[in-house]
Amino acid sequence: MNRTERLQAVIRAAGDHPLYAKRLASVDPSRFTPADLAQIEPVTRDDWVAFLKEQPRPPAGTALVHLTPSPLLGWMPEYLAAADLEAQAEALGAYFARLGLAGKRVIVAFSYHVFAGGWLFHEALVRAGAVVFPHGPGEAARIAEIAQKFGFDALVSNPSFALKIAEAGGRFELLLAGGEPFTSVPGYRERVQRAIGGRALDAYGTSELGIVAAETLDQDGLWEIPEMAVLEILDPHTLEPAPDGERGELVVTALSRTLMPMIRFRTGDLAIAERGARGLRLPRGVFGRTDTMVKVKGVKLYPTELAPILAGFGLDPRGFQVVVETKEGGTDALVLRVKAAAVPEGLAEAVRRATGLRVDRIEVAEELEGGLVVDRRFG
């Protein structure tokens with residue numbers, strides 16, 4: 001089944017779903033292509049939470065239920081039909097095969113219990129022809145010992161846990177990383193690669209979607225995995241496509257979900273797209289959230305975009321605040337307040353390169369009062 005046929009199967013399956021029935025009322029699945037997605041109203045996580053509050057139990061035909069913590073539901077279920085599991089394993093298996101993992105020995109250090117990460121990687125790696133050991137999380141020293149004794153080539157892990165394994169003596173040709181910010185943090189990849197003695201690749205996914213974008217061996221940003229999903233970058237306010245190179249919200253249509261369809265799912269994550277002959281690429285990965293946007297000096301600033309920049313300078317990625325003031329003469333002033341003993345050299349320039357905005361001053365503070373954004377222009 002090719003990409004368009006898989007999308008048509010997803011659209012067809014969603015036709016009777018309460019969240020999509022109205023959205024798809026005028027859609028003919030047999031003629032539907034990825035170019036037609038713009039005619040469907042996007043769905044948010046809040047939409048799904050409201051639906052699952054009313055219908056929390058798995059529908060008939062469920063093959064597997066994964067659960068993830070949710071502040072509103074306690075646990076948010078993920079329903080997968082047998083055909084969904086097959087499609088997901090086949091799609092990700094094709095991606096791992098392109099990385100040359102056939103015949104490689106791989107240790108998976110993600111959980112196989114409650115959370116979906118371990119099984120998600122495991123089944124696809126087997127499809128790609130890898131020899132897979134399902135270790136699960138924790139016990140960094142034991143993983144390092146097993147890797148050395150049995151000659152494992154690759155590790156699947158959070159990058160932070162990969163560092164712990166490396167500290168215990170673990171060395172790998174390849175790290176398949178996910179689950180936390182990685183390549184969006186300046187210098188983080190280089191640090192991890194020095195520690196493990198090999199190459200590290202990043203991936204992006206969510207519990208609702210699976211893994212939908214990942215790096216190639218060229219390490220040149222996250223590429224849409226065409227068998228897994230259709231990615232869009234939209235202006236979060238107008239929901240129109242954001243031009244290449246402009247920040248916007250990552251919106252995903254999963255091709256491996258029919259029982260719990262995810263068609264034009266608004267992730268709330270911030271990214272930049274580049275489209276070309278090889279497909280859609282996220283050159284900076286996913287680097288912030290869209291829900292705290294403030295306009296400064298005529299430019300849209302997403303404050304959470306600053307978190308990985310601060311982390312790259314060794315600062316607390318949550319210990320900052322954006323203050324917008326009015327200068328004499330009426331122009332905007334941008335102030336960055338950080339929890340730090342001193343301002344790291346080069347921080348202001350790093351912010352300018354990432355956001356296109358010049359910081360008027362950076363202040364250090366022991367405590368930060370107020371929210372992430374303090375706008376003093378209109379009070």
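Keep in mind that the model is predicted.

I'll start with the cores. The largest nonpolar core has 69 residues. Within that core, the members that touch the most others are Trp-48, Phe-96, Leu-125, Leu-176, Leu-231, Ile-263 and Leu-282.

Let me go back to Phe-96 as an example. What does Phe-96 touch, if we leave out residues up to four places away in sequence? The list is Leu-101, Phe-121, Ala-124, Leu-125, Ala-128 and Leu-176.

Next, the backbone. Gln-219 is not a glycine, yet its phi is positive, about 55°. You will find Gln-219 in the loop that runs between strand 9 (210-214) and strand 10 (222-224). Is Gln-219 buried or partly exposed? Gln-219 counts as partly exposed, because its relative accessibility is 26%, and the cut-off for buried is under 20%.

Arg-264 also has a positive phi, near 55°, and is a residue other than glycine. Its place is the loop between strand 12 (247-254) and strand 13 (265-272). With a relative accessible area of 3%, Arg-264 is buried.

Now the salt bridges. How many does a search of the whole structure find? The search gives 34. I'll go through a few.

Take Arg-23 and Glu-41, whose side chains meet in a salt bridge at 3.6 Å, N to O. Arg-23 and Glu-41 are 18 residues apart, and each lies in the loop between helix 1 (3-14) and helix 2 (45-54). Arg-23 is buried, since its relative accessible area is 17%.

Another bridge joins the side chains of Glu-249 and Arg-266, at 2.8 Å from N to O. Glu-249 belongs to strand 12 and Arg-266 to strand 13, so this pair ties together parts 17 residues apart in sequence. Glu-249 and Arg-266 are both buried.

Then there is the bridge between the side chains of Asp-360 and Arg-358, at 3.4 Å, N to O. Asp-360 is partly exposed at 23% relative accessibility, and Arg-358 is partly exposed at 49%.

Lastly, some salt bridges share partners. Which residues do they join into one network? They are Glu-325, Arg-337, Arg-361, Glu-363 and Arg-376.

Methods
Residues are numbered from 1 along each chain as its sequence is written. This is a predicted model: local features need pLDDT of at least 70, side-chain atom pairs count only at pLDDT 80 or more; totals for chains, interfaces and linings use all residues. Side-chain values use heavy atoms; hydrogens and water are left out. A nonpolar core is a set of buried Ala, Val, Leu, Ile, Met, Phe, Trp, Tyr and Cys residues joined through side-chain atoms within 4.5 Å. Buried means under 20% relative accessible area, exposed over 50%, partly exposed in between (1.4 Å probe, protein chains only). Contact means heavy atoms within 4.5 Å. Helices (H or I, at least four residues) and strands (E, at least two) are DSSP runs, numbered from the N terminus. A salt bridge is a side-chain nitrogen of Lys or Arg within 4 Å of a carboxyl oxygen of Asp or Glu.
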